[in-house]
Amino acid sequence: HIEVCKTVGYPTEPNFDFRKELALDGNISYRSFWWADCRPAWLVVDMGSQTTFSGAAWASVSKPDSVPRDYRYDVSDDNKSWKQVQSVSKNTQDSRIDVFPDPVKGRYLRFWVDETAYRQLLAINEFVPLFPETVSIA
C-alpha cells in the first residue's frame, strides 16, 4: 500500500498517467511515474506489519528538473511518530540505491523530499524498499 502527499492533475492525463501506484509498479517506462503536486513531497509505503528495512532504491525521470535533491528516509510503527533514518543533501543523480547505516524496524517507510534539483515538482518513476536479504555490504 502507498500513500502520497498529492498527485498532479487528474488520475490520468491525455499523454501521461500519474497515479501514485505507478511509483511501486515495477515499470520504469517513461509513461509510468508518479508526479507530486506538493512541497515538500513525500510517499509512504505500508508493509502491513513490522519489517526490517536496510535501505531504498528509487528512480526519477532522466531530466534533472524533478530529481530529488534534498531528501530523507523515516520509519514508523504507527504512521504518526517518525524516526529519521538517513538524509541526503545536494543529490544530482536521477536514480540511487541508498543503504541505511544500520537496518531499522518499522511498518512504514517514508521518502520525504524537501527539494528537487531545479525546484520543480517531484517525479518518481519507481521506489523500492530494500531489506537485509536484498542488500549485501562487502
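Rings of Phe, Tyr and Trp (its six-membered ring) pair if their centres lie within 6.5 Å; planes under 30 degrees apart count as stacked, over 60 as edge-to-face and the rest as tilted. A search of the whole structure finds nine aromatic pairs on this basis. The model is predicted: local features need pLDDT of at least 70, side-chain atom pairs count only at pLDDT 80 or more, and totals for chains, interfaces and linings use all residues. Residues are numbered from 1 along each chain as its sequence is written, and side-chain values use heavy atoms, with hydrogens and water left out.

**Figure 1. Overview of the protein chain.** The protein chain has zero helices and eight strands, where helices (H or I, at least four residues) and strands (E, at least two) are DSSP runs numbered from the N terminus. The order of elements from the N terminus is β-β-β-β-β-β-β-β. Of the 138 residues in the protein chain, 46% are buried; buried means under 20% relative accessible area, exposed over 50%, and partly exposed in between (1.4 Å probe, protein chains only). Contact means heavy atoms within 4.5 Å. Of the contacts in the protein chain between residues at least 6 apart in sequence, 74% join residues at least 24 apart.

**Figure 2. Aromatic rings around phenylalanine 111.** A pair of aromatic rings is described by the distance of the centres and the angle of the planes. Tyrosine 71 and phenylalanine 111 form an edge-to-face pair, with 5.2 Å from centre to centre and 65° between the planes. This pair links distant parts of the chain, since tyrosine 71 belongs to strand E4 and phenylalanine 111 to strand E6 (residues 95-116), 40 residues apart. Tyrosine 71 and phenylalanine 111 are both buried. Phenylalanine 111 also pairs with phenylalanine 127 in a tilted arrangement, at 5.2 Å centre to centre and 35° between the planes. Here strand E6, with phenylalanine 111, is linked to strand E8 (residues 126-130), with phenylalanine 127, and the two residues are 16 residues apart. Phenylalanine 111 counts as buried because its relative accessibility is 1%, and phenylalanine 127 counts as buried at 1% as well. One aromatic cluster is formed by Trp58, Tyr71, Tyr73, Phe100, Phe111 and Phe127.

**Figure 3. The surroundings of phenylalanine 53.** Phenylalanine 53 is placed in strand E3 (residues 41-59). With a relative accessibility of 0%, phenylalanine 53 counts as buried. Leaving aside residues up to four places away in sequence, phenylalanine 53 touches several residues, including Val75, Phe100, Tyr108, Leu109, Leu130 and Phe131. The C-alpha atoms of phenylalanine 53 and aspartate 102 are separated by 8.9 Å, and these residues are 49 residues apart along the chain.

**Figure 4. Arginine 72 and its charged partners.** Arginine 72 is found in strand E4 (residues 68-76). Its side chain is joined to that of aspartate 74 by a polar contact of 3.0 Å. A polar contact is a pair of N or O atoms within 3.5 Å; within protein, one must be able to donate a hydrogen and the other to accept it, and residues adjacent in sequence count only if both atoms are side-chain atoms. A network of salt bridges links Arg72, Asp74 and Arg110, a salt bridge being a side-chain nitrogen of Lys or Arg within 4 Å of a carboxyl oxygen of Asp or Glu. Not counting residues up to four places away in sequence, arginine 72 touches Gln84, Gln86, Ser87, Arg110, Phe111, Trp112 and Asp114. Arginine 110 lies over the face of tryptophan 82, at 4.2 Å from the ring centre; for such a placement, NZ of Lys or CZ of Arg is within 6 Å of the ring centre and within 35 degrees of the ring normal.

**Figure 5. Further salt bridges.** The structure holds six salt bridges. Arginine 39 and glutamate 115 form one of them, with their closest N and O atoms 3.8 Å apart. Arginine 39 lies in the loop between strand E2 (34-35) and E3 and glutamate 115 in strand E6, so this pair ties together parts that are 76 residues apart in sequence. Arginine 39 is partly exposed, with a relative accessible area of 45%, whereas glutamate 115 is buried, with 14%. A salt bridge between arginine 96 and aspartate 98 has its closest N and O atoms 2.9 Å apart. Arginine 96 counts as partly exposed at 22% relative accessibility, while aspartate 98 counts as buried at 2%.
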